[in-house]
Amino acid sequence: DDDAVIDVRIGALGETGVLLLADDLTRAVRVEETRRDFVANVSHELKTPVGAITLLAETMEDAAEDPDAVRRFAERMQTESRRLGHLVQEIIELSRVQGSSALPDAEPVEIDDVVAEAVALNRNFALGSRIEVVTGGTGGLRVFGSASMLTTALSNLVSNAISYSEPDTRVGISVRRDQGMVELSVKDQGMGISKENLERVFERFFRVDRARSRATGGSGLGLAIVKHIATDHGGEVTAWSMAGQGSTFTLRLPEMGRTGAVTVSGATPP
Ligand code: ADP
C-alpha cells in the first residue's frame with residue numbers, strides 16, 4: 001500500500017530524503033492552508049456588499065411610493081455594486097498572477113510606456129481628488145516582462161497614493177537605475193502608515209482602516225497583486241513610510257540590457 005511505498009522510498013533515500021519528503025509535505029500543507037484562508041476571506045469579503053445590495057433592494061421595494069427614497073436607495077446600490085465589481089476584478093487579477101509563475105506575454109518593456117499608461121489610467125481619479133501627479137524622465141530604461149502586468153502594478157501604487165492623500169498634494173513617480181535594477185518609486189504626501197501596519201500592507205485583504213478603505217472602495221488586494229507581479233518579474237516591492245509624513249513604494253525590477261540578455265524565471269527572452 002501507499003505507506004509501504006513511502007517507507008521504501010525513505011529507505012532508499014536515506015536521512016536527507018526523509019527531510020526532503022517532510023519538507024515537501026509541510027509545504028503542501030501550507031499551500032493548502034493558504035488556499036483555504038483565501039477562499040474563506042473571499043467569501044467573507046463578497047458577503048458584505050452582496051448583503052448590502054440585497055437589503056437595499058428589499059428596502060427599496062417597500063419604499064416604492066416615495067420617489068426620493070427610491071433614488072437614494074438606487075444611488076447606494078450603485079455604490080455597493082461598483083465596490084463589488086471592483087472587488088471581483090481584483091480577486092480575478094490576484095488569482096491570475098498567483099496561478100502562474102510564468103509571464104505569458106513577456107517581451108522587452110519600455111519603462112516610459114508603463115509610467116505613461118499608469119498615469120493615464122489614474123488621470124480622472126487624480127483630477128477628481130485634486131492631486132497633482134508628477135513624473136520625471138526615465139532615460140529609456142527597459143525591463144523584460146509583461147507590459148500589462150507592470151502597468152497594473154504601477155497603477156495600483158499610483159491609485160493608492162492618490163486614495164490615501166489629501167487634496168492639493170502631490171504624487172511623484174520617479175525612475176532610476178541602481179546596480180542592474182530599475183527602481184520605480186511612487187511617493188506621496190499623504191497620511192502615511194505606522195510601523196506595525198507597514199509590515200502587513202502586502203498581505204491579502206489587509207487594510208489599515210477598514211472604514212476609510214470602504215469609502216474609497218479598497219479591497220485590500222491591490223498591494224498583494226503588486227507584490228506578486230514584482231516577484232514574477234524577478235524583482236521586489238518595498239514600502240517606506242512614517243505616519244503623517246507620506247509613503248514611498250518602490251518597485252525594483254531587473255534591468256534589461258541593450259543585448260536583451262536578461263533571464264527572468266519562467267519567461268524566455270527573445
Ligand atoms: P486597498 O484596496 O485597501 O487600497 P491595498 O492592498 O492596495 O488595498 O493596500 C492595503 C492598505 O495599505 C490600504 O487599505 C491602506 O490602509 C494602506 N496603504 C496602501 N497604500 C498606501 C499609501 N500610499 N498611503 C497610506 N496607506 C496606504
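Contact here means heavy atoms within 4.5 Å. Glu93 has its place in helix H2, residues 67-99. Is Glu93 buried or exposed? It's buried, with a relative accessible area of 16%. The cut-offs are these: buried is under 20% relative accessible area, exposed is over 50%, and partly exposed is in between, using a 1.4 Å probe and protein chains only.

Before I go on, a word on what you're looking at. This is a predicted model, where local features need pLDDT of at least 70 and side-chain atom pairs count only at pLDDT 80 or more, while totals for chains, interfaces and linings use all residues. Residues are numbered from 1 along each chain as its sequence is written, and side-chain values use heavy atoms, with hydrogens and water left out.

Now the overall picture. The chain has eight helices and seven strands. Those are DSSP runs numbered from the N terminus, with helices (H or I) of at least four residues and strands (E) of at least two. There are 270 residues in the chain, and buried ones make up 39% of them. If you take the contacts with a separation of 6 or more, 73% are between residues 24 or more positions apart.

On to the sheet. Five strands form an open sheet with mixed pairing, in the order E2-E4-E5-E7-E6. At the edges you have E2 (131-135) and E6 (236-241), each pairing on one side only. Two strands pair if DSSP finds at least two bridges between them. From one strand to the next, the twist averages 15 degrees.

Look at E5 for a moment. Six of its eight residues are buried, so E5 is largely enclosed by the rest of the structure. E5 runs antiparallel to E4, with eight bridges joining them, and Val175 has Leu184 in E5 as its bridge partner. Strand E5 (residues 181-188) also runs antiparallel to strand E7 (residues 247-254), this time with seven bridges. There, Glu183 stands opposite Arg252 in E7, and Lys187 stands opposite Thr248 in E7.

What happens to Gln179 in the hairpin of E4 and E5? That hairpin has two residues between the strands, and Gln179 takes a positive phi near 45 degrees. Most residues other than glycine have a negative phi. Gln179 counts as exposed, at 76% relative accessibility. Arg130 also has a positive phi, near 55 degrees, and it's found in the loop between helix H4 (123-129) and E2.

Next, how do the helices pack? Two packed helices are described by the angle between their axes and the distance between the axes. The axes are lines fitted to C-alpha atoms, for helices over the stretch in contact, and angles run from 0 to 180 degrees between N-to-C directions. Helix H3 (residues 111-121) and helix H5 (residues 147-163) pack at about 50 degrees, with axes 9 Å apart. H3 and H5 are therefore oblique to each other. For the wording: under 35 degrees is roughly parallel, over 145 roughly antiparallel, 65 to 115 roughly perpendicular, and the rest oblique. The residues making the contact include Val114 and Leu121 of H3, and Leu150 and Leu154 of H5. By class, that contact divides into six nonpolar, two polar and one charged. Nonpolar covers Ala, Val, Leu, Ile, Met, Phe, Trp, Tyr, Cys and Pro; charged covers Asp, Glu, Lys and Arg; the others, Gly among them, are polar.

H5 has another partner, helix H8 (residues 222-232): the angle is about 145 degrees, and the axes are 9 Å apart. The contact of H5 with H8 has eight nonpolar, four polar and no charged residues.

Last stop, the loop between H8 and E6, where you'll find Gly235. Gly235 counts as buried, at 16% relative accessibility. Not counting residues up to four places away in sequence, Gly235 touches Ala230, Arg252, Leu253 and Pro254. Its C-alpha atom is separated by 8.4 Å from that of Met181, 54 residues apart along the chain. And Arg252, as we saw, is the residue in E7 that Glu183 stands opposite.
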